[in-house]
Amino acid sequence: MADARFSSSTRDIPEVTTVPRHIAIIMDGNGRWARKRFMPRVAGHSRGVETVRTVIRACMERGVEYLTLFAFSSENWRRPVDEVSFLMQLFMKSLRKEVTRLHQNGIRFRVVGDLSRFDPKLVEIIRSAEELTAANERFTLTVAANYGGRWDIMQAVNKLTARAPERVGEFTEQELAAELSMSYAPEPDLFIRTGGEQRISNFLLWQLAYTELFFTDTLWPDFDVGTLDQAIASYGGRERRFGRTSEQLREPVAAVETAVPDPGHHA
Ligand code: IPE
Ligand code: IPE
Ligand code: MG
């Protein structure tokens with residue numbers, strides 16, 4: 001179930017903090033990083049794991065509470081078989097190696113995505129890492145693997161309609177949000193995509209409704225604390241209006257909130 005502490009950006013106005021509470025990243029550009037060095041594409045993926053470590057540490061130091069990383073999209077199966085199996089092996093190897101350290105650092109680890117296509121061995125490692133770290137509260141690291149935003153919305157719709165077929169046509173945004181695979185986290189405040197492309201590539205479609213977007217040409221293996229700070233600084237300088245005017249932002253919050261009608265209400 002969705003955590004009641006987390007407001008929906010389209011239903012209420014979330015609290016805005018200078019440092020984003022939740023950062024979601026599309027880690028792109030590994031292949032190009034390797035190619036530039038005349039190395040096989042997969043060398044870029046290996047190097048990218050080091051960036052993951054750096055970014056987790058830096059986010060924790062900066063007071064970020066949730067970090068969500070897109071590791072493998074539902075469309076990435078279209079890649080050459082060798083690259084796909086390398087990525088699966090790398091995921092398994094990295095997880096085996098890092099899980100104790102994640103746990104020691106108070107990190108709750110979660111994976112979102114359709115795991116049914118994964119090697120049962122990998123699923124087992126994922127599930128046991130999730131179990132081990134479930135009670136950690138300092139920081140939540142989510143890896144999106146075989147994830148697609150459309151898959152996520154569809155599986156939520158299917159759960160709702162299967163559970164209460166008599167209510168078809170009446171479901172609310174909150175009910176759907178509660179079935180999404182990341183209902184345990186607030187919506188991302190800041191989205192970062194490395195590698196120069198400016199697209200969402202079927203990442204968290206529902207949750208990105210009001211997320212601030214930051215695109216950088218830096219390739220993922222080159223992404224570092226400096227680039228992260230640039231993204232956070234850019235975020236800090238933005239005016240998150242959630243539909244309101246600039247002038248309204250300076251008015252007392254209570255007065256503004258009562259003016260927001262309920263979009264799900266059809267009286
Ligand atoms: C992102 O890097 C990693 C994954 C999709 C797994 P890419 O592999 O997409 O790197 P480029 O975009 O080809 O450079
Ligand atoms: C998106 O990267 C998915 C991940 C980073 C895991 P891609 O490099 O696969 O994205 P597209 O297909 O070029 O948009
Ligand atoms: Mg790419």
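Among contacts in the protein chain between residues at least 6 apart in sequence, 76% join residues at least 24 apart; contact here means heavy atoms within 4.5 Å. Before going on, note that this is a predicted model, where local features need pLDDT of at least 70, side-chain atom pairs count only at pLDDT 80 or more, and totals for chains, interfaces and linings use all residues. Residues are numbered from 1 along each chain as its sequence is written, chains are lettered from A and ligands numbered from 1 in the order in which they are written, and side-chain values use heavy atoms, with hydrogens and water left out.

**The whole chain**

The protein chain has nine helices and six strands. These are DSSP runs (helices: H or I, at least four residues; strands: E, at least two), numbered from the N terminus. With a radius of gyration of 19 Å, close to the 18 Å that the globule rule gives for 267 residues, the chain is as compact as a globular protein of that length. That radius is taken over C-alpha atoms, and the rule is 2.2 Å times the number of residues to the power 0.38. Along its principal axes, the C-alpha trace spans about 60 × 45 × 35 Å.

How much of the chain is tucked away? Of the 267 residues, 47% count as buried, meaning under 20% relative accessible area, while exposed means over 50% and partly exposed is in between (1.4 Å probe, protein chains only).

Now look at strand β5, residues 190-193.

| Partner of β5 | Residues | Sense | Bridges | One bridge pair |
|---|---|---|---|---|
| β1 | 22-26 | parallel | four | I26 and R193 |
| β6 | 212-215 | parallel | four | L190 and E212 |

**A closer look at I153**

Where does I153 sit? Its place is in helix α5, residues 149-163. I153 is partly exposed, with a relative accessible area of 23%. Leaving aside its neighbours within four places in sequence, I153 is in contact with L180, L205 and W206. The C-alpha atoms of I153 and L176 are separated by 7.9 Å, and these two residues are 23 apart along the chain.

Key: Two strands pair if DSSP finds at least two bridges between them.
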